Amino acid sequence: MTVQHLLIKRLGALPVIREYLERLQLKERVDALAPVRQVAQLTNGEVVEALVANRLTAPRPLYDIVAWADGWAVEETFGIRPTHLNDDRLGRCLDDIAAVHDALRGELTVQAMTAFGLETKALRWDLTSVLVVGAYPEEEQVADFAHVRYGYGSEQKQIRYLQVTTDDGAVPVWDEPYDGNTPDVATVIETMHALREHARCQDFVLLGDSKLLSETNRRALLTAEVGYLAPLARTPELDTAFLAIPPEELAPLAYVSERERHLAAEEQTRYLGAQRTLELSIPDGSGGEQVHRLRRLFVVSSEERAACRRNRARQRERAEAEILGVLGRLGSRWYPTPERAAAKIEAILERRHLRGLYTVRCAEQDGQPPLTCALIPAALARAEALDGYYVLETTRPPAEADATALLTEWKGQWQIEQRHRAAKGPLRIRPLFVTSNRRIVGLVTILGLALLVFSLIEREARRALAPGQKVPNLLAGHVAARPTGDNLFKALRDIALVTFETGGLHHHLVEDLRPLQRTLLQLLSVPEATYAHFNS
């Protein structure tokens, strides 16, 4: 048998991606919301499938998608000719997708809940900034879409990217791009309504950082009967309330982080907690008021307390050395008057975050030096008493979650931060390479869909394993590890599809799967026949 032509393409995880996109009914939902003319070579649903697959396998700028599709088995997997994925067609698709973002994102969330059994009782909320560079001509910007703006206190252009993920596998159920100068706190109410209207999440608790709760947001959440759990920003009133708690009321909390579970008990971070309740009256819309009972959990972390004290000691040491230098040059041309030296010392204390711990006096009395700077022991003791504490506020009653459960639930906020890292890392939201803000929104929508598939695949693999169980040989060097979206796609990446011609007939052959790849397909509930059917 003589082989006349030989072509090798990457197949990688494309069949797995296709399987999950079919379960989400992505193509059908896109085509229903953003139809194209019948003469079009590709529907918007087909283009979106290709763009999502690109983000998950080898992210490229729009102008390079054709080259990616040529080198990967895109035509064999999705039936899409690479030349049809030119940048003009992709740009038109982004325009169409941006216009239906809310409806599309909501329908896919509903389908994901149905197809994968997602639990949405607890949802995590967070925003990140996506930095961009280059010019964005004003004539290309559309009023109804997120605009590139300079961030607050930043000299770089950006857009803000919001995500809401489940506590069940950190699967994104909602995302939204915002203007680059949008503060986090301004997105909460809109997100709450979007989750109910589009994603059809009705009974849920929203978890977030301290930016979740402004007075306006708190009242809106309570009025809408949406539960929440979030830390409060430090205020003098909270400091006073914490100091008023008797030490014996601070009870141990049975929380141990994942990274410390292998440590001996005496080496683990210790958490103490005390609970307080408060009542908040909100107008009920009928002329009366509804009273809401809230819980506040005051938490003290031994790790944070020790870190605060180490940092303060370091800053005091440096500040006192600088202050001695100023006092030593009092009367010189640098500091000719005590007032000039005092101003410098105040600046040092401000820069070292030590204002209020020292007193600076500028007056010569009874032969004393004209300028003194002394520590205030009572102020230092008060600052040390406040080290390492924070307050969590929630609507959840004790019957639903005790103090340890509240702390454990809030400590899981790292999960949504990992999704932001995935967006900026493996899925490469940057650089954008588009200047129209409408197309930026379209591209971010594609990223959100890719992140949805990325997260579902990771969740499916982990659910198939026992808690803490690792997959042998998953990482380089035959290292066992818990599956992540990133290492799953890397492990499947090198699967090749060979096309050859003999006797005038074309044949396809998928290279033999390695034991690790067979294991991963089993974890992902993808039968090996999904790959075998390419053989012909």
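Visitor: How many salt bridges are there here?
Guide: The count comes to 33 salt bridges, a salt bridge being a side-chain nitrogen of Lys or Arg within 4 Å of a carboxyl oxygen of Asp or Glu. This is a predicted model, where local features need pLDDT of at least 70, side-chain atom pairs count only at pLDDT 80 or more, and totals for chains, interfaces and linings use all residues. Residues are numbered from 1 along each chain as its sequence is written, and side-chain values use heavy atoms, with hydrogens and water left out.

Visitor: Why do side chains pair up like that?
Guide: Side chains of opposite charge can pair when their charged atoms come close.

Visitor: Ok, which residue does Asp-31 pair with?
Guide: Asp-31 forms a salt bridge with Lys-27, at 3.4 Å from N to O. Both residues are in helix H2 (residues 26-33), four residues apart, which is about one turn of the helix. Helices (H or I, at least four residues) and strands (E, at least two) are DSSP runs, numbered from the N terminus.

Visitor: Is Asp-31 buried or exposed?
Guide: Asp-31 counts as buried because its relative accessibility is 19%. Buried means under 20% relative accessible area, exposed means over 50%, and partly exposed is in between (1.4 Å probe, protein chains only). Lys-27, at 25%, counts as partly exposed.

Visitor: What does Arg-124 pair with?
Guide: Arg-124 has a salt bridge to Asp-167, and their closest N and O atoms are 2.8 Å apart. This pair links distant parts of the chain, 43 residues apart: Arg-124 is in strand E2 (residues 122-132), while Asp-167 is in the loop between strand E4 (157-166) and strand E5 (172-178).

Visitor: And how accessible is Arg-124?
Guide: Arg-124 has 1% relative accessibility, so this residue counts as buried. Asp-167 is partly exposed, at 31%.

Visitor: What about Asp-184, which partner does it have?
Guide: Asp-184 forms a salt bridge with Arg-160, with 3.0 Å between the closest N and O atoms. Asp-184 lies in the loop between E5 and helix H8 (188-197) and Arg-160 in strand E4, so the pair ties together parts 24 residues apart in sequence. Both Asp-184 and Arg-160 are buried.

Visitor: Which residues are joined into one network?
Guide: Glu-215, Arg-218, Arg-219, Arg-296 and Glu-393 are joined by salt bridges that share partners.

Visitor: New topic. How many disulfides?
Guide: There are zero disulfides, a disulfide being a pair of cysteine sulfur atoms within 2.5 Å.
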